[in-house]
Amino acid sequence: MMTAGNQSTIEFKNLLVTGGCGFIGSNFIRWLMNNHDFSGRIINVDSLTYAGNPENLADIAADFKSQYIFQKTDICDVAALEAIFSRFAIDAVCHFAAESHVDRSIKTPGDFIQTNIVGTFNLLETAKARGDQFKLFHHVSTDEVYGSLGAEGLFREDTPYRPNSPYSASKAASDHLVRAYYKTFGLPATISNCSNNYGPYQFPEKLIPLVILNALEGKPLPVYGDGKNVRDWLYVEDHCEAIWTIMNAGRRGETYNVGGKAEMENIVIVQMICDILDDIQPARDGKARRQLITFVKDRPGHDRRYAIDFSKINRALNWSPRESFTSGLRKTVQWYLNQKKWVENIKTGAYQQWIEEQYGS
Ligand code: NAD
Ligand code: DAU
(Lines give C-alpha, C1' and ligand atoms only; values in the text may rest on other atoms or scores of the structure.)
(Ligands and ions follow the chains in the order given, each with its own letter.)
Protein backbone atom coordinates (compact mmCIF):
# COMPACT_ATOMS: atom_id res chain seq x y z
CA MET A 1 0.00 0.00 0.00
CA MET A 2 0.95 3.65 -0.33
CA THR A 3 0.79 6.43 2.24
CA ALA A 4 -0.20 10.06 1.67
CA GLY A 5 3.28 10.77 0.37
CA ASN A 6 3.14 7.72 -1.94
CA GLN A 7 5.88 6.00 0.02
CA SER A 8 5.43 2.25 0.23
CA THR A 9 4.92 0.94 3.74
CA ILE A 10 7.22 -0.95 6.05
CA GLU A 11 5.95 -4.32 7.14
CA PHE A 12 5.03 -4.18 10.81
CA LYS A 13 4.05 -7.75 11.74
CA ASN A 14 2.91 -7.23 15.32
CA LEU A 15 1.98 -3.65 16.02
CA LEU A 16 1.25 -2.80 19.64
CA VAL A 17 -1.20 0.09 19.86
CA THR A 18 -1.58 1.55 23.34
CA GLY A 19 -4.79 3.36 24.31
CA GLY A 20 -6.65 1.84 21.37
CA CYS A 21 -10.01 2.01 23.16
CA GLY A 22 -9.85 5.79 23.49
CA PHE A 23 -10.85 8.46 20.99
CA ILE A 24 -7.89 8.73 18.61
CA GLY A 25 -6.58 5.19 19.19
CA SER A 26 -9.89 3.58 18.21
CA ASN A 27 -10.18 5.78 15.13
CA PHE A 28 -6.60 4.86 14.19
CA ILE A 29 -7.21 1.12 14.47
CA ARG A 30 -10.45 1.33 12.46
CA TRP A 31 -8.84 3.55 9.82
CA LEU A 32 -5.90 1.18 9.44
CA MET A 33 -7.93 -2.02 9.33
CA ASN A 34 -10.69 -0.79 7.03
CA ASN A 35 -8.86 1.40 4.58
CA HIS A 36 -5.45 -0.09 4.24
CA ASP A 37 -3.73 -3.15 3.10
CA PHE A 38 -2.34 -3.88 6.55
CA SER A 39 -1.61 -7.57 6.87
CA GLY A 40 -0.02 -7.62 10.33
CA ARG A 41 -1.64 -8.02 13.72
CA ILE A 42 -2.71 -5.21 16.03
CA ILE A 43 -2.34 -5.83 19.74
CA ASN A 44 -4.37 -3.17 21.52
CA VAL A 45 -3.16 -2.57 25.09
CA ASP A 46 -5.57 -0.46 27.10
CA SER A 47 -6.29 -0.39 30.83
CA LEU A 48 -9.86 0.89 30.22
CA THR A 49 -9.91 4.01 32.33
CA TYR A 50 -13.09 6.12 32.21
CA ALA A 51 -11.92 7.23 28.72
CA GLY A 52 -11.49 3.71 27.32
CA ASN A 53 -14.45 1.89 25.86
CA PRO A 54 -14.07 -1.45 24.00
CA GLU A 55 -17.45 -0.76 22.35
CA ASN A 56 -15.57 1.82 20.25
CA LEU A 57 -14.03 -1.14 18.41
CA ALA A 58 -16.82 -3.72 18.54
CA ASP A 59 -17.02 -3.82 14.71
CA ILE A 60 -13.26 -4.32 14.36
CA ALA A 61 -13.19 -7.08 17.00
CA ALA A 62 -15.94 -8.90 15.06
CA ASP A 63 -14.57 -8.35 11.54
CA PHE A 64 -10.85 -8.96 12.13
CA LYS A 65 -10.82 -11.85 14.61
CA SER A 66 -7.37 -13.16 13.67
CA GLN A 67 -5.74 -9.77 13.19
CA TYR A 68 -7.06 -7.77 16.14
CA ILE A 69 -6.19 -8.73 19.71
CA PHE A 70 -7.26 -6.80 22.80
CA GLN A 71 -5.32 -6.94 26.07
CA LYS A 72 -6.71 -5.12 29.09
CA THR A 73 -3.39 -4.03 30.56
CA ASP A 74 -1.98 -1.01 32.32
CA ILE A 75 1.20 0.43 30.78
CA CYS A 76 2.39 1.06 34.33
CA ASP A 77 2.55 -2.74 34.85
CA VAL A 78 6.04 -3.63 33.59
CA ALA A 79 5.74 -7.38 34.06
CA ALA A 80 2.51 -7.48 32.06
CA LEU A 81 4.09 -5.42 29.28
CA GLU A 82 7.12 -7.70 29.09
CA ALA A 83 4.85 -10.73 28.81
CA ILE A 84 2.85 -9.13 25.99
CA PHE A 85 5.94 -8.01 24.06
CA SER A 86 7.40 -11.47 24.14
CA ARG A 87 4.16 -13.45 23.65
CA PHE A 88 3.16 -11.43 20.57
CA ALA A 89 6.71 -10.73 19.28
CA ILE A 90 6.00 -7.01 19.16
CA ASP A 91 8.06 -5.25 16.48
CA ALA A 92 6.47 -1.78 16.57
CA VAL A 93 4.56 0.47 18.95
CA CYS A 94 2.12 3.28 18.26
CA HIS A 95 1.69 4.91 21.66
CA PHE A 96 -1.60 6.74 22.31
CA ALA A 97 -2.32 5.72 25.91
CA ALA A 98 -2.43 8.75 28.17
CA GLU A 99 -4.45 10.75 30.59
CA SER A 100 -5.53 13.35 28.06
CA HIS A 101 -7.81 15.95 29.64
CA VAL A 102 -6.27 19.24 30.80
CA ASP A 103 -9.01 20.01 33.37
CA ARG A 104 -8.52 16.62 35.04
CA SER A 105 -4.75 17.20 35.17
CA ILE A 106 -5.43 20.28 37.28
CA LYS A 107 -7.54 18.24 39.74
CA THR A 108 -5.62 14.93 39.79
CA PRO A 109 -2.12 15.44 38.36
CA GLY A 110 -0.73 12.23 39.90
CA ASP A 111 -2.48 9.99 37.34
CA PHE A 112 -0.88 12.03 34.55
CA ILE A 113 2.62 11.56 35.97
CA GLN A 114 2.08 7.81 36.30
CA THR A 115 0.57 7.02 32.91
CA ASN A 116 2.10 9.69 30.72
CA ILE A 117 5.64 9.64 32.11
CA VAL A 118 6.18 6.35 33.96
CA GLY A 119 4.00 4.40 31.51
CA THR A 120 5.92 5.77 28.53
CA PHE A 121 9.22 4.95 30.24
CA ASN A 122 8.04 1.34 30.81
CA LEU A 123 7.12 0.97 27.15
CA LEU A 124 10.47 2.37 26.00
CA GLU A 125 12.38 -0.02 28.27
CA THR A 126 10.33 -2.98 27.12
CA ALA A 127 10.76 -2.02 23.47
CA LYS A 128 14.51 -1.57 23.93
CA ALA A 129 14.77 -5.07 25.36
CA ARG A 130 13.51 -6.47 22.00
CA GLY A 131 16.85 -5.45 20.44
CA ASP A 132 17.19 -5.68 16.67
CA GLN A 133 13.76 -7.22 16.27
CA PHE A 134 12.20 -3.89 17.17
CA LYS A 135 11.44 -1.60 14.20
CA LEU A 136 9.69 1.53 15.50
CA PHE A 137 8.32 3.34 18.53
CA HIS A 138 5.91 6.05 17.41
CA HIS A 139 4.93 8.47 20.17
CA VAL A 140 1.66 10.39 19.73
CA SER A 141 2.04 13.76 21.39
CA THR A 142 0.51 17.20 21.50
CA ASP A 143 1.14 20.79 20.46
CA GLU A 144 0.44 21.81 24.08
CA VAL A 145 4.10 21.05 24.94
CA TYR A 146 5.02 24.34 23.20
CA GLY A 147 2.89 26.44 25.57
CA SER A 148 0.83 29.37 24.37
CA LEU A 149 1.09 31.69 21.35
CA GLY A 150 0.22 35.37 21.18
CA ALA A 151 -1.85 36.76 18.32
CA GLU A 152 0.86 35.97 15.76
CA GLY A 153 3.12 33.02 14.94
CA LEU A 154 2.91 29.25 14.63
CA PHE A 155 4.40 26.31 16.54
CA ARG A 156 7.32 24.81 14.62
CA GLU A 157 9.29 21.67 15.46
CA ASP A 158 12.09 23.88 16.86
CA THR A 159 9.78 26.00 19.05
CA PRO A 160 11.08 25.72 22.65
CA TYR A 161 9.03 23.58 25.03
CA ARG A 162 7.04 25.65 27.59
CA PRO A 163 4.23 23.41 28.90
CA ASN A 164 1.75 25.18 31.17
CA SER A 165 -0.51 22.45 32.59
CA PRO A 166 0.33 19.22 34.44
CA TYR A 167 -1.02 17.41 31.33
CA SER A 168 1.25 19.20 28.87
CA ALA A 169 4.22 18.99 31.26
CA SER A 170 3.75 15.23 31.50
CA LYS A 171 3.53 14.92 27.70
CA ALA A 172 6.66 17.08 27.34
CA ALA A 173 8.51 14.75 29.72
CA SER A 174 7.42 11.72 27.69
CA ASP A 175 8.56 13.39 24.44
CA HIS A 176 11.99 13.99 25.98
CA LEU A 177 12.23 10.37 27.10
CA VAL A 178 11.41 9.08 23.60
CA ARG A 179 14.00 11.39 22.06
CA ALA A 180 16.59 10.34 24.67
CA TYR A 181 16.01 6.63 23.92
CA TYR A 182 16.65 7.32 20.25
CA LYS A 183 19.83 9.34 20.94
CA THR A 184 21.29 7.22 23.72
CA PHE A 185 20.18 3.70 22.84
CA GLY A 186 19.44 4.00 19.13
CA LEU A 187 15.82 2.92 19.68
CA PRO A 188 14.10 3.62 16.34
CA ALA A 189 11.55 6.29 17.23
CA THR A 190 9.41 9.06 15.79
CA ILE A 191 7.22 11.68 17.48
CA SER A 192 4.18 13.61 16.27
CA ASN A 193 2.95 16.77 18.01
CA CYS A 194 -0.63 17.37 16.96
CA SER A 195 -3.25 20.03 17.50
CA ASN A 196 -6.83 19.52 18.78
CA ASN A 197 -8.63 16.56 17.25
CA TYR A 198 -12.38 16.18 16.80
CA GLY A 199 -14.64 13.52 15.29
CA PRO A 200 -16.46 10.29 16.21
CA TYR A 201 -15.94 8.55 19.58
CA GLN A 202 -14.52 11.56 21.44
CA PHE A 203 -15.35 11.38 25.14
CA PRO A 204 -17.90 14.07 26.05
CA GLU A 205 -15.65 15.91 28.49
CA LYS A 206 -13.87 17.67 25.61
CA LEU A 207 -15.31 20.89 24.18
CA ILE A 208 -16.96 19.70 20.95
CA PRO A 209 -18.81 16.55 22.15
CA LEU A 210 -19.66 18.20 25.47
CA VAL A 211 -21.34 21.10 23.70
CA ILE A 212 -23.18 18.81 21.25
CA LEU A 213 -24.64 16.63 24.00
CA ASN A 214 -25.46 19.51 26.38
CA ALA A 215 -27.16 21.43 23.57
CA LEU A 216 -29.29 18.40 22.72
CA GLU A 217 -30.47 18.24 26.33
CA GLY A 218 -31.07 21.98 26.60
CA LYS A 219 -28.31 22.28 29.24
CA PRO A 220 -25.96 25.29 29.63
CA LEU A 221 -23.00 25.38 27.24
CA PRO A 222 -20.00 26.35 29.42
CA VAL A 223 -17.48 28.65 27.72
CA TYR A 224 -14.33 29.36 29.72
CA GLY A 225 -13.24 32.98 30.20
CA ASP A 226 -14.05 35.28 27.29
CA GLY A 227 -14.33 32.40 24.80
CA LYS A 228 -11.63 33.88 22.60
CA ASN A 229 -8.99 31.20 23.19
CA VAL A 230 -7.94 29.72 19.88
CA ARG A 231 -7.29 26.08 18.98
CA ASP A 232 -6.23 24.63 15.62
CA TRP A 233 -8.71 21.82 14.84
CA LEU A 234 -7.94 18.63 12.93
CA TYR A 235 -10.41 15.92 11.91
CA VAL A 236 -9.31 12.72 13.62
CA GLU A 237 -8.92 10.65 10.42
CA ASP A 238 -6.48 13.23 9.09
CA HIS A 239 -4.45 12.70 12.24
CA CYS A 240 -4.56 8.92 11.72
CA GLU A 241 -3.23 9.34 8.20
CA ALA A 242 -0.44 11.63 9.42
CA ILE A 243 0.62 9.09 12.06
CA TRP A 244 0.67 6.18 9.62
CA THR A 245 2.60 8.27 7.10
CA ILE A 246 5.23 9.16 9.70
CA MET A 247 5.47 5.55 10.90
CA ASN A 248 6.18 4.37 7.40
CA ALA A 249 8.18 7.16 5.86
CA GLY A 250 9.25 9.55 8.63
CA ARG A 251 12.93 9.83 9.47
CA ARG A 252 13.85 8.01 12.64
CA GLY A 253 14.70 10.36 15.52
CA GLU A 254 12.54 13.14 14.05
CA THR A 255 9.54 15.07 15.29
CA TYR A 256 6.68 16.16 13.01
CA ASN A 257 4.08 18.80 13.81
CA VAL A 258 0.56 17.95 12.63
CA GLY A 259 -2.26 20.50 12.41
CA GLY A 260 -5.50 21.34 10.69
CA LYS A 261 -4.93 24.90 9.43
CA ALA A 262 -8.27 25.57 11.10
CA GLU A 263 -7.78 28.13 13.83
CA MET A 264 -11.03 28.85 15.63
CA GLU A 265 -12.06 30.78 18.71
CA ASN A 266 -13.95 28.57 21.17
CA ILE A 267 -17.01 30.80 21.14
CA VAL A 268 -17.26 30.55 17.35
CA ILE A 269 -17.19 26.75 17.52
CA VAL A 270 -19.90 26.69 20.16
CA GLN A 271 -22.06 28.99 18.04
CA MET A 272 -21.46 26.82 14.95
CA ILE A 273 -22.57 23.69 16.83
CA CYS A 274 -25.72 25.49 18.02
CA ASP A 275 -26.56 26.53 14.46
CA ILE A 276 -25.92 23.07 12.97
CA LEU A 277 -28.17 21.46 15.59
CA ASP A 278 -30.90 24.07 15.09
CA ASP A 279 -30.75 23.22 11.40
CA ILE A 280 -30.69 19.40 11.64
CA GLN A 281 -32.79 18.92 14.77
CA PRO A 282 -34.51 22.09 15.99
CA ALA A 283 -35.18 22.29 19.75
CA ARG A 284 -38.70 21.22 20.80
CA ASP A 285 -39.40 24.67 22.28
CA GLY A 286 -38.22 26.26 19.01
CA LYS A 287 -35.60 28.35 20.83
CA ALA A 288 -32.19 29.00 19.30
CA ARG A 289 -29.51 26.92 21.07
CA ARG A 290 -27.19 29.95 21.22
CA GLN A 291 -29.30 31.04 24.21
CA LEU A 292 -27.73 28.19 26.18
CA ILE A 293 -24.21 29.66 25.93
CA THR A 294 -22.92 30.45 29.44
CA PHE A 295 -19.60 32.14 30.15
CA VAL A 296 -17.97 30.48 33.17
CA LYS A 297 -14.80 30.87 35.26
CA ASP A 298 -11.65 30.46 33.20
CA ARG A 299 -9.44 27.35 33.30
CA PRO A 300 -6.33 28.06 35.45
CA GLY A 301 -3.26 28.58 33.24
CA HIS A 302 -5.51 28.52 30.15
CA ASP A 303 -3.32 28.68 27.02
CA ARG A 304 -4.52 31.49 24.78
CA ARG A 305 -3.73 30.28 21.31
CA TYR A 306 -2.38 27.18 19.54
CA ALA A 307 -1.57 27.09 15.83
CA ILE A 308 0.60 24.63 13.96
CA ASP A 309 3.10 25.06 11.17
CA PHE A 310 2.87 21.66 9.46
CA SER A 311 5.15 22.53 6.54
CA LYS A 312 7.75 19.90 7.56
CA ILE A 313 5.41 16.90 7.23
CA ASN A 314 3.87 18.50 4.15
CA ARG A 315 7.19 18.99 2.38
CA ALA A 316 8.94 15.82 3.53
CA LEU A 317 6.03 13.34 3.49
CA ASN A 318 3.42 15.07 1.34
CA TRP A 319 0.78 15.04 4.10
CA SER A 320 -1.87 17.71 4.47
CA PRO A 321 -5.32 17.65 6.07
CA ARG A 322 -8.18 16.56 3.78
CA GLU A 323 -11.27 17.53 5.82
CA SER A 324 -12.48 21.14 6.12
CA PHE A 325 -13.61 22.29 9.57
CA THR A 326 -17.10 23.18 8.35
CA SER A 327 -17.82 19.78 6.83
CA GLY A 328 -15.93 17.87 9.53
CA LEU A 329 -17.91 19.56 12.30
CA ARG A 330 -21.23 18.84 10.58
CA LYS A 331 -20.22 15.18 10.11
CA THR A 332 -19.27 15.00 13.79
CA VAL A 333 -22.55 16.50 15.01
CA GLN A 334 -24.44 14.03 12.79
CA TRP A 335 -22.38 11.13 14.20
CA TYR A 336 -23.39 11.99 17.78
CA LEU A 337 -27.02 12.31 16.69
CA ASN A 338 -26.87 8.85 15.09
CA GLN A 339 -25.12 7.12 18.02
CA LYS A 340 -27.94 7.19 20.57
CA LYS A 341 -26.93 3.91 22.22
CA TRP A 342 -23.24 4.84 22.50
CA VAL A 343 -24.15 8.21 23.99
CA GLU A 344 -26.60 6.62 26.43
CA ASN A 345 -24.02 4.05 27.57
CA ILE A 346 -21.54 6.82 28.31
CA LYS A 347 -24.05 9.06 30.04
CA THR A 348 -25.45 6.35 32.29
CA GLY A 349 -22.06 4.73 32.93
CA ALA A 350 -23.42 1.44 31.48
CA TYR A 351 -20.19 1.02 29.48
CA GLN A 352 -18.22 0.82 32.74
CA GLN A 353 -20.60 -1.73 34.21
CA TRP A 354 -20.18 -3.84 31.08
CA ILE A 355 -16.38 -3.57 31.32
CA GLU A 356 -16.49 -4.73 34.93
CA GLU A 357 -18.64 -7.72 33.99
CA GLN A 358 -16.33 -8.67 31.09
CA TYR A 359 -12.91 -7.95 32.57
CA GLY A 360 -13.35 -7.40 36.30
CA SER A 361 -12.51 -4.11 37.96
P1 NAD B 1 -8.44 9.45 25.33
O2 NAD B 1 -8.43 10.00 26.72
O3 NAD B 1 -9.69 9.47 24.55
O4 NAD B 1 -7.94 7.94 25.36
C5 NAD B 1 -6.85 7.51 26.14
C6 NAD B 1 -6.86 5.99 26.18
O7 NAD B 1 -5.71 5.56 26.94
C8 NAD B 1 -8.10 5.40 26.86
O9 NAD B 1 -8.59 4.32 26.10
C10 NAD B 1 -7.58 4.93 28.22
O11 NAD B 1 -8.28 3.82 28.75
C12 NAD B 1 -6.14 4.56 27.86
N13 NAD B 1 -5.24 4.62 29.04
C14 NAD B 1 -5.15 5.62 29.95
N15 NAD B 1 -4.25 5.29 30.90
C16 NAD B 1 -3.76 4.07 30.57
C17 NAD B 1 -2.80 3.20 31.15
N18 NAD B 1 -2.15 3.52 32.30
N19 NAD B 1 -2.53 2.02 30.54
C20 NAD B 1 -3.18 1.67 29.40
N21 NAD B 1 -4.11 2.44 28.81
C22 NAD B 1 -4.40 3.63 29.39
O23 NAD B 1 -7.26 10.22 24.59
P24 NAD B 1 -7.18 10.72 23.07
O25 NAD B 1 -7.84 12.03 22.95
O26 NAD B 1 -7.56 9.60 22.18
O27 NAD B 1 -5.60 10.95 22.95
C28 NAD B 1 -4.73 9.88 22.58
C29 NAD B 1 -3.30 10.41 22.55
O30 NAD B 1 -3.20 11.49 21.63
C31 NAD B 1 -2.82 10.97 23.89
O32 NAD B 1 -1.48 10.57 24.07
C33 NAD B 1 -2.93 12.47 23.74
O34 NAD B 1 -1.95 13.12 24.52
C35 NAD B 1 -2.64 12.64 22.27
N36 NAD B 1 -3.25 13.82 21.60
C37 NAD B 1 -4.59 14.05 21.74
C38 NAD B 1 -5.17 15.11 21.06
C39 NAD B 1 -6.65 15.40 21.15
O40 NAD B 1 -7.10 16.44 20.66
N41 NAD B 1 -7.47 14.53 21.72
C42 NAD B 1 -4.36 15.95 20.27
C43 NAD B 1 -2.99 15.68 20.18
C44 NAD B 1 -2.45 14.60 20.85
O1 DAU C 1 -3.99 20.72 21.50
C2 DAU C 1 -4.08 19.35 21.65
C3 DAU C 1 -4.83 19.01 22.93
O4 DAU C 1 -6.21 19.28 22.68
C5 DAU C 1 -4.66 17.55 23.36
O6 DAU C 1 -3.31 17.33 23.67
C7 DAU C 1 -5.53 17.24 24.58
O8 DAU C 1 -5.44 15.86 24.90
C9 DAU C 1 -6.98 17.56 24.22
O10 DAU C 1 -7.80 17.37 25.35
C11 DAU C 1 -7.09 19.02 23.75
O12 DAU C 1 -6.84 19.94 24.85
P13 DAU C 1 -7.74 21.25 25.06
O14 DAU C 1 -7.64 21.64 26.47
O15 DAU C 1 -7.44 22.26 24.02
O16 DAU C 1 -9.21 20.60 24.71
P17 DAU C 1 -10.63 20.83 25.40
O18 DAU C 1 -11.63 20.21 24.49
O19 DAU C 1 -10.64 20.45 26.82
O20 DAU C 1 -10.81 22.42 25.32
C21 DAU C 1 -10.79 23.12 24.08
C22 DAU C 1 -10.93 24.59 24.38
O23 DAU C 1 -12.25 24.83 24.87
C24 DAU C 1 -10.00 25.09 25.46
O25 DAU C 1 -9.59 26.42 25.16
C26 DAU C 1 -10.85 25.09 26.72
C27 DAU C 1 -12.23 25.38 26.19
N28 DAU C 1 -13.36 24.76 26.93
C29 DAU C 1 -13.32 23.44 27.20
C30 DAU C 1 -14.35 22.81 27.87
C31 DAU C 1 -14.28 21.33 28.21
C32 DAU C 1 -14.48 25.52 27.27
O33 DAU C 1 -14.52 26.74 27.00
N34 DAU C 1 -15.50 24.90 27.92
C35 DAU C 1 -15.49 23.58 28.25
O36 DAU C 1 -16.46 23.09 28.89
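Let's start with Asn 318, which at 45% relative accessibility counts as partly exposed, because that value falls between the 20% and 50% cut-offs. This is a predicted model, by the way, so please hear every number today as a computed one. Asn 318 sits in the loop between α10, residues 311-317, and α11. Its backbone is worth a look too: phi of Asn 318 is near 60°, a positive value in a residue other than glycine. As a reminder, most residues other than glycine have a negative phi.

Tyr 201 belongs to the loop between β7 and α7. Is Tyr 201 buried or exposed? With 16% relative accessibility, Tyr 201 counts as buried.

While we are in that loop, let me point out Lys 206, which is also found between β7, residues 197-198, and α7. Lys 206 has a relative accessibility of 19%, and since the cut-off for buried is under 20%, Lys 206 counts as buried. What does Lys 206 touch, leaving aside its neighbours within four places in sequence? The answer is Ser 100 and His 101.

Now for two glycines. Gly 19 is in the loop between β1, residues 14-18, and α1, residues 23-35. Its relative accessible area is 12%, so Gly 19 is buried. Setting aside neighbours within four places in sequence, Gly 19 is in contact with Gly 25, Asn 44, Val 45, Asp 46, Phe 96 and Ala 97. For a sense of scale, Gly 19 and Ile 43 are 24 residues apart in sequence, and their C-alpha atoms are 11 Å apart in space.

The other glycine is Gly 119, in helix α5, residues 109-128. Gly 119 counts as buried, at 0% relative accessibility. Not counting residues up to four places away in sequence, Gly 119 touches Ile 75, Cys 76 and Gln 114.

Let's move to helix packing. Two packed helices are described by the angle between their axes and the distance between the axes. Here the pair is α11, residues 325-338, and α12, residues 340-348, with an angle of about 75° and axes 5 Å apart. That angle makes α11 roughly perpendicular to α12. Which residues make the contact? From α11 we have Trp 335, Tyr 336, Leu 337 and Asn 338, and from α12 we have Lys 340, Trp 342 and Val 343. By class, the residues of this contact divide into 5 nonpolar, 1 polar and 1 charged.

Leu 337 of that contact brings us to Leu 277, because Leu 277 touches Leu 337 within the 4.5 Å limit for contact. Leu 277 lies in helix α9, residues 266-280. Leu 277 is buried, with a relative accessible area of 0%. Leu 277 and Arg 289 are 12 residues apart in sequence and 7.8 Å apart in space, C-alpha to C-alpha.

Some of those names come back in the second largest pocket. This pocket holds about 460 Å³ of space. There are 21 lining residues, and Ala 215, Leu 216, Glu 217, Gly 218 and Arg 289 lie nearest the centre. The elements giving two or more residues to this lining are α7, residues 207-216, along with α11 and α12. Which element gives the largest share? That is α12, with 4 residues. By class, the lining has 10 nonpolar, 3 polar and 8 charged residues.

Last stop, the cavities. How many cavities of 30 Å³ or more turn up in a search of the whole structure? There is 1. The largest cavity has a volume of about 40 Å³. Its lining is made of Val 178, Arg 179, Tyr 182, Ala 189, Thr 190, Ile 191, Gly 253, Glu 254 and Thr 255. Both α6, residues 166-185, and β6, residues 189-194, supply at least two residues each to the lining of the largest cavity. Sorted by class, that lining comes to 4 nonpolar, 3 polar and 2 charged residues.

How values were computed: Residues numbered from 1 in each chain as written. Chains lettered and ligands numbered in written order. Predicted model: local features only at pLDDT ≥ 70, side-chain atom pairs only at ≥ 80, totals over all residues. Heavy atoms only, no water. Axes fitted to C-alpha atoms, helices over the stretch in contact; angles between N-to-C directions. Parallel < 35°, antiparallel > 145°, perpendicular 65-115°, else oblique. Nonpolar A, V, L, I, M, F, W, Y, C, P; charged D, E, K, R; others polar. 1 Å grid on protein atoms, 1.4 Å probe; cavity = no way out; pocket = protein on both sides within 12 Å on 5 of 7 lines; lining within 4 Å. Points joined across faces, edges and corners; volume = space filled by probe spheres on them. Buried < 20%, exposed > 50% of the residue type's maximum accessible area, 1.4 Å probe, protein only.
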